[in-house]
Amino acid sequence: MNIVKASLRNAVRRKWKFALVVFLLGAGVVVLTHAYDMAETFERIQAVGQEIESEGAEPSGEQVEAMARGAAMFALFSLLNLAFGFGTILFAFLMPGGIVAHERRSGAIMLWAQHPMPLRSFYLLRYSGIQVATLAALAIFGLTGAVAALPPGAAPTTELGGVASVCLTGVLACAISFAITACGIRRAALIGLLYYLLSGAVASLLQNPILETSTAAESARAVLPFVIFPAGVIDDLVAGFGSGVAWDWGATGLAVYHFVLWTGIAWLGLLRIERRPLKL
């Protein structure tokens with residue numbers, strides 16, 4: 001059987017339940033968005049709050065009930081939205097399943113000897129199958145998120161930029177996780193996720209207005225885009241899908257750089273392991 005197809009099927013078999021959970025979370029966001037009009041619900045809560053503040057009196061039972069009902073619905077929506085977003089990126093990091101490190105530890109890595117090719121080629125082909133399965137699932141998640149972002153009653157058109165952002169972010173997350181396991185490191189998904197979260201924290205810190213005049217911060221802003229997870233870069237890139245927005249070739253080049261960087265790390269890691277496949 002073709003290695004890419006076999007890897008794709010194995011990835012689907014391993015992670016379809018997790019993918020289904022993430023999809024159901026997204027479907028929940030869609031239902032709440034279009035069934036209850038969350039934007040209007042939030043505005044209604046604000047209006048009731050301002051009314052109570054302007055009157056300066058004790059809120060009536062009807063006002064309390066309206067605020068409680070709206071707040072509960074909004075809290076549920078926020079929780080589902082957060083879980084859907086986090087589940088999407090976690091799914092991408094988990095897709096490689098630490099195949100290289102785990103199989104090296106168990107001895108299953110020697111199965112590559114049944115194929116007339118170098119070890120690095122064998123695992124890169126398997127990685128290609130995993131990426132195809134990841135991209136297919138991410139496209140579904142992205143479409144679900146796009147539908148959830150539509151105003152209630154609008155035609156179900158697709159927001160191409162939002163779908164592309166989900167796909168690019170997830171595919172890069174999968175590439176990072178595979179690169180880590182290709183270096184023989186276990187817990188690749190956890191390490192990749194921590195890298196993603198830390199990158200977001202560092203990027204937010206550098207955007208602090210207090211650091212605008214700092215020389216060290218300016219130097220960090222020039223270097224860190226080449227080191228941290230390029231979430232902001234991907235946002236700049238997909239903004240070009242919008243009408244009247246010029247395509248950001250700098251962001252495109254930086255995104256390609258990160259894909260090439262992590263693919264290169266994976267290749268070098270596999271080349272090292274190829275010299276001594278078994279970890280004794």
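Which residues touch the most other members of the largest nonpolar core?

## The main core

They are Y123, F141, I176 and F178, out of 53 residues in that core. A nonpolar core here is a set of buried Ala, Val, Leu, Ile, Met, Phe, Trp, Tyr and Cys residues joined through side-chain atoms within 4.5 Å. Two or more residues come from each of α1 (3-36), α3 (61-94), α4 (99-106), α5 (119-149), α6 (160-182), α7 (188-206) and α10 (249-275). The biggest giver is α6, with 12 residues. (Helices are DSSP runs of H or I, at least four residues, and strands are runs of E, at least two, numbered from the N terminus.)

This is a predicted model, where local features need pLDDT of at least 70 and side-chain atom pairs pLDDT 80 or more, while totals for chains, interfaces and linings use all residues. Residues are numbered from 1 along each chain as its sequence is written, and side-chain values use heavy atoms, with hydrogens and water left out.

## Around Y123

Skip the neighbours within four places in sequence, and Y123 is in contact (heavy atoms within 4.5 Å) with I99, V100, E103, I109, F178 and L270.

## S165 in α6

S165 sits in helix α6. At 15% relative accessibility it counts as buried, which means under 20% relative accessible area, with exposed being over 50% and partly exposed in between (1.4 Å probe, protein chains only). Leaving out residues up to four places away in sequence, S165 touches I234, D235 and V238.

## Cysteines

You'll find zero disulfides here, a disulfide being a pair of cysteine sulfur atoms within 2.5 Å. C174 is buried at 0% relative accessible area, whereas C183 is partly exposed at 24%.
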